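Here is a short briefing on one protein model. Keep the sequence and the 3D view open while you read.

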Amino acid sequence: MKIRHKLVILLAVLLVTLNGVIAFSVYKRTRQEFIKEVREKAKLIATELETTRNYLAFALQTSKIGITEQTKPFIPAVSGHAIGLKFAEKTGYIIKQTSMKYRNLFNKPDPFEEMVLRKMEENHNLTEYWNDDVIDGKRVERYLYALYVKEDCLLCHGPEEKAPEFIRKNYDAGYDYKVGELRGAISVIIPKEIAEQRFAANVVFFITASSVSILLLVAIIFLTTGKFMKPIERLTAAVATITKTGDLTTKVDILSKDEVGQLGRAFNDMSTKLQSTYVTLEQRIAEKTAHLQQAVLALERANKMKSEFLANMSHELRTPLNAIIGFAEVLRDKISGDLNEEQMDFVNDIHSSGRHLLQMINDILDLSKIEAGKMELQYEAFLVSEAIEDVYTILKGLASKKHLELKTAVLTDVKSIEADRVKFKQILYNLLSNAIKFTPENGKITLEAGIVDDMLQVSVSDTGIGMKSEDQEKVFKEFWQADSSFARKYEGTGLGLALTKRIVEMHGGKIWFESEYGKGSIFYFALPLNAPAKPIHPKESEAKPRHIVPTGEKGAKTVLVVEDDRMAADLLTLYLTNAGYNVIVAVDGEEAIKKAKEFHPFLITLDIMLPKKDGWDVLSELKNSQDVTDIPVVIVSIVDNKELGFSLGAVEYLIKPIDREKLITTVNACIPIERIEGKPMKILVVDDDEKAVKYMSAILENAGFDVLKAYSGKAGINLAVNSNPDLMILDLMMPEVSGFDVIERLRVHPIAKGIPIIICSAKDITPEEKKVLNGHILAIVQKSSHTKEDLLAAIKKIEQLHVKKDTTEAESS
């Protein structure tokens, strides 16, 4: 739309608006004058009619003319009625006389008139009355003018015995009037459609005249602005051409010498200068683009090398560390012989240092995952107080060693939060462990939680060493540690707070702190109470536990596993089914109670951290229900509160991570099962790392197992096929023939496909790789964190399965 069109439209709108305001003002004022005029006219009509009535009454009184049938038309009431009828025929206005003591039916008041007459009787100051009304569906203006008794009226309306004979013969009512009292009123009815004709004509005339004026004014403006706007339109067209084509040689032809002409000439000069500048700029952009492409390629190569480096780090660093930690455990547990006290101290130092280095590597890899966007959050609803209590339980021993006062304070308005429970605990653990680390003995550490601005805000304060002002900007940087003597006194990787900040920000929260050197620090973090509406990628662990077909005998005892974590539920199910039990899984507290009453299992394993109802509530309700109170309950949880568990009726309390042997022993204690002594199990260890094979062989042989050793995937396949071991321990990361290749080959072999496999690898297993391994692997033990107890627990599981099979075969024979 062109500017002149917009200008014309704008002026038209302004004129119409102004005309409307003026029209409304004129209408309002004219209507008020019209109403006043109509009412004055009605009052005049009523006054004239009253004057006529009074004159006729006076004439009859003074003339001594008798009232007969011939002189009846001169009676004021009769003559007034006749005048009203004639007036109505001529003007359309209705004039009538009305009275509460009417003699003639045509004087009978209608409801409106009766209401007004009663008001006039009650209020003598009310001599006239105006109002709107509707008669037969038509709007009317109504006016009543009060009539009072005068001396002349008493001729016909005085005492009945003094009234003329004609009056007495024809009328039974209307006598005994007194001078000054209300005898009735003159009613004037004015139809508004008649009264407003002249008013409407005036309004129509005004609107018509205004509209014509506006149209003429708009036409004049449109024609005159065209002359002034055409040069600007040509200038606009030239700019549009340059925008579409990029042709800076485009010029605009404006010959006028006014301001518009100056603008056109300035535009042509600018176009010429831009043309020369554009040529130069294109050359510079081409040079910069080439440099940028080289930089992008270099960054891509660096990022690829970083990813490859981290992938190799996961295997190359963890593998020798696993050997260091593992052989330290062998020496510490005196599997290869006794150690003196000094040697034991050295071994413990090696073991703790290896663990510390492994933690540093894991922190680096976790930080890299966050930077690469590969770390996801597993949102779930949980009680904040329980998460704080879990972390407090873990760290209270560490605090007590330094005689520190560790306190937690959770306000009553803090209930549950939707967040990653594990990561939330990691935040708390990092902040509290830092506070414990940097607080001298006999100090104080306080954790407080509350709701601030609809977010959960947690603070951790300590009376520790504090930080210098120049160091506070570096707190959340990776690998940063103070340059003072404290850097040498206190251990740490310098990654804890950096990781904590990233995790908080992944939740959509923020973290900050206050610190004073020599007096202590306060770290704060705030998290949203609710998870994002649409998580991008749901975590695999959020899925319900998948069904595992029981391997127990027909008629075996049933165990109800209550666990919301899929992997934990799968592990417990595998343990118990391999031990000969049928398993039912419940993923929350309400489902646990329902299934306990429905299936009445022989035993229940119960987690404490459950959705909907926590384990304490479930245990209490089970023990208070007559139907299921006799069912033994074994608590399996990370929450260490054995006293509460036993007081509520648990038969055993196991702390995660679960020791498999203790779990099976606990379950078997509830129902004795006959075992047959079997021959030692034959275990095949397949790993290209000779140190790892040596370490695992030492553990297994010391535990009474026969061990076969293979140092490559190909050798492992040959030994598996020819020796038919009872169990295989397999590494995934091997040259030429990987662990995945071994599993694929054995899967199609008629004999070796039944060999149970335990994965023991430094490789992080991806969800896709877990799907490949699913159904063929009994356990996965990470080299980065496993202990010999983990390994032996996995072996014992397989051994029990064999014992069970032997028992079955013996009974059948």
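Predicted model: local features only at pLDDT ≥ 70, side-chain atom pairs only at ≥ 80, totals over all residues.

Residues are numbered from 1 along each chain as its sequence is written, and side-chain values use heavy atoms, with hydrogens and water left out.

**Whole protein**
- The protein has 24 helices and 21 strands. These are DSSP runs (helices H or I, at least four residues; strands E, at least two), numbered from the N terminus.
- Of its 813 residues, 42% count as buried. Buried means under 20% relative accessible area, exposed over 50%, and partly exposed in between (1.4 Å probe, protein chains only).
- Among contacts with a separation of 6 or more, 67% join residues 24 or more positions apart. Contact means heavy atoms within 4.5 Å.

**Helix α3**
- Helix α3 spans residues 111-122, 12 residues in total. Its first and last C-alpha atoms are 17 Å apart, close to the 16 Å expected at 1.5 Å a residue. The expected span is 1.5 Å times one less than the number of residues.
- Phe-112, Glu-113, Val-116, Leu-117 and Met-120 are buried in α3. They lie on the same side of α3 because they cover an arc of only 130 degrees around the axis. The arc is that of the directions from the helix axis to the C-beta atoms.
- Pro-111 and Glu-122 are exposed, on the face of α3 turned away from its buried side.
- The buried residues of α3 pack against β1 (94-98), β2 (128-135), β3 (138-148) and β4 (182-191).

**Glu-113**
- Glu-113 sits in helix α3. Its relative accessible area is 0%.
- Its side chain makes a polar contact of 3.2 Å with that of Lys-96. A polar contact is a pair of N or O atoms within 3.5 Å; within protein, one must be able to donate a hydrogen and the other to accept it, and residues adjacent in sequence count only if both atoms are side-chain atoms.
- Leaving aside neighbours within four places in sequence, Glu-113 contacts Lys-96, Thr-98, Lys-108, Arg-142, Leu-144 and Ser-187.

**Nonpolar cores**
- The largest nonpolar core has 36 residues, and Phe-424 and Phe-525 have the most contacts inside it. Such a core is a set of buried Ala, Val, Leu, Ile, Met, Phe, Trp, Tyr and Cys residues joined through side-chain atoms within 4.5 Å.
- α12 gives the most to this core, with 7 residues.
- A second, separate core has 19 residues, including Ala-592 and Ile-604.
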